[in-house]
Amino acid sequence: MVTPRRAPDASISGTSPAFHIDTPLLESTSLSKSSGMRVFLKMDALQPAGSFKIRGVGYACTQYHHQGRKRFIAASGGNAGLAVAYAAKRLDTEAVIVVPKTTKSSAIFAIANEGAKVVVHGDTWFEAHVHALSLTTPEDAYIHPFDDPLLWQGHATIVDEIAATGLVPDAIVLAVGGGGLLSGVALGVARQHWNTTAIFGMETAGADCLARAMRAGHIVQMDAITSVATSLGASYACDNAFAISKQANFKSIVVPDEEAVNAGRQFLRQHRVAVEPACGAALAAVYSGHLEDYGFESVVVIVCGGVGIRIEDLV
Ligand SMILES: *Cc1c(COP(=O)(O)O)cnc(C)c1O
């Protein structure tokens with residue numbers, strides 16, 4: 001087992017401590033045995049607010065707070081909205097979270113429970129996003145769920161923490177929605193000069209905006225998200241993610257919903273942690289054997305987590 005230590009975090013400076021925690025990097029005995037390579041799990045399901053999002057959101061909110069912005073505005077009925085509410089409360093700053101009508105009442109409750117104001121608007125994330133932008137004055141900071149370099153700086157701490165354990169993985173596997181996590185991990189990998197580490201971006205069919213952009217040769221806007229992995233349901237991949245997708249070290253894999261859900265189910269059984277299908281998409285890379293032909297000795301799967309899951313949904 002690789003024991004995580006506190007990451008030095010040279011990139012993150014500022015007067016406030018980060019809101020995220022250094023998460024454990026655990027070797028999975030079961031996955032290592034079944035796959036024939038060492039499989040490490042970066043357990044961001046354990047983050048406060050339930051997902052990796054607090055890394056980037058916490059960093060971005062802290063920076064905007066230092067700049068004197070008076071209010072945070074976000075559009076997300078999911079983990080990004082909750083992370084903004086969580087950070088805003090701890091920065092003693094007002095937050096307005098615009099959520100689409102499809103948002104579950106449990107998610108609205110969780111966001112409001114952190115003290116944020118919830119505005120229900122639009123049928124899709126994109127409509128909520130457009131409305132949220134219209135509410136944003138120069139005094140406010142709009143906290144984008146995936147397309148902001150400040151966010152990527154925060155997400156990059158995942159790689160700093162892996163590096164601090166001494167492990168240099170052959171591959172890092174992660175889920176892709178709008179590509180914020182991908183942008184952060186690619187930044188971290190470049191910063192560590194891990195020139196031989198591959199990055200696998202996993203999407204589910206029906207929430208595969210990056211794979212579609214790669215096929216089309218330009219960013220595409222998806223009209224509808226048809227996957228159950230709603231946290232991957234960004235309607236487009238950001239420019240930076242599209243640029244990363246052209247790098248030689250990047251591979252895109254799209255899995256059907258069943259593979260993502262099954263991976264989440266097997267992960268619950270073996271590791272006793274419930275994660276969203278969005279995170280299951282990353283786990284499916286190993287559970288469904290998609291990495292078999294690469295001859296990797298070690299891979300890290302980012303267990304990105306997500307609060308939009310109940311045990312009852314999985315069992
Ligand atoms: C936001 C999110 C993703 C996708 O992240 P992007 O930065 O949008 O690519 C994946 N899984 C979970 C659980 C998320 O909350």
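Guide: The structure, a predicted model, holds 7 aromatic pairs. One of them is formed by Trp-125 and Tyr-236, whose rings are tilted, at 6.4 Å centre to centre and with 45° between the planes. This pair links distant parts of the chain, 111 residues apart: Trp-125 belongs to helix α5 (residues 125-135), while Tyr-236 lies in the loop between α9 (209-216) and α10 (239-244). Trp-125 is buried, with a relative accessible area of 15%. Tyr-236 is likewise buried, and its relative accessible area is 15%.

Another of the pairs joins Phe-200 and Tyr-294, with an edge-to-face arrangement: the centres are 5.1 Å apart and the planes stand at 80°. Phe-200 is part of strand β8 (residues 198-204) and Tyr-294 is in the loop between α12 (277-287) and β10 (298-302), so this pair ties together parts that are 94 residues apart in sequence. Phe-200 has 0% relative accessibility and therefore counts as buried, since the cut-off for that is under 20%. Tyr-294, at 37% relative accessibility, counts as partly exposed.

A ring contact with a charge is found at Tyr-86, where the charged end of Arg-90 sits over the ring, 3.6 Å from its centre.

Helix α2 itself spans residues 53-66, 14 residues in total, and reaches 20 Å from its first C-alpha to its last, close to the 20 Å expected at 1.5 Å a residue. It is mostly covered, with 12 of its 14 residues buried. Among the buried residues of α2 are Lys-53, Arg-55, Tyr-59, Cys-61 and Tyr-64. Just after α2, Gly-68 takes a positive phi of about 95°.

As for the cysteines, the count of disulfides comes to 0. Cys-238 is in none, and the nearest cysteine sulfur, that of Cys-209, is 9.0 Å away. Cys-238 counts as buried, at 1% relative accessibility. Cys-279 is in no disulfide either: the sulfur of Cys-304, the nearest cysteine sulfur, is 4.0 Å away, and a disulfide would need the two within 2.5 Å. Cys-279 is buried, with a relative accessible area of 0%.

Confidence remains to be stated. The mean pLDDT of the protein chain is 94, and 95% of its residues reach 70 or more. Confidence is highest in strand β7 (residues 171-175), at 99, and lowest in helix α13 (residues 311-314), at a mean of 86. Over residues 7-15 pLDDT stays under 50, and for this stretch the model has 19 contacts beyond four places in sequence.

How values were computed: Residues are numbered from 1 along each chain as its sequence is written. This is a predicted model: local features need pLDDT of at least 70, side-chain atom pairs count only at pLDDT 80 or more; totals for chains, interfaces and linings use all residues. Side-chain values use heavy atoms; hydrogens and water are left out. Rings of Phe, Tyr and Trp (its six-membered ring) pair if their centres lie within 6.5 Å; planes under 30 degrees apart count as stacked, over 60 as edge-to-face and the rest as tilted. Helices (H or I, at least four residues) and strands (E, at least two) are DSSP runs, numbered from the N terminus. Buried means under 20% relative accessible area, exposed over 50%, partly exposed in between (1.4 Å probe, protein chains only). A charge sits over a ring if NZ of Lys or CZ of Arg is within 6 Å of the ring centre and within 35 degrees of the ring normal. pLDDT is the predictor's confidence in each residue, from 0 to 100. Contact means heavy atoms within 4.5 Å. The expected span of a helix is 1.5 Å times one less than its number of residues.
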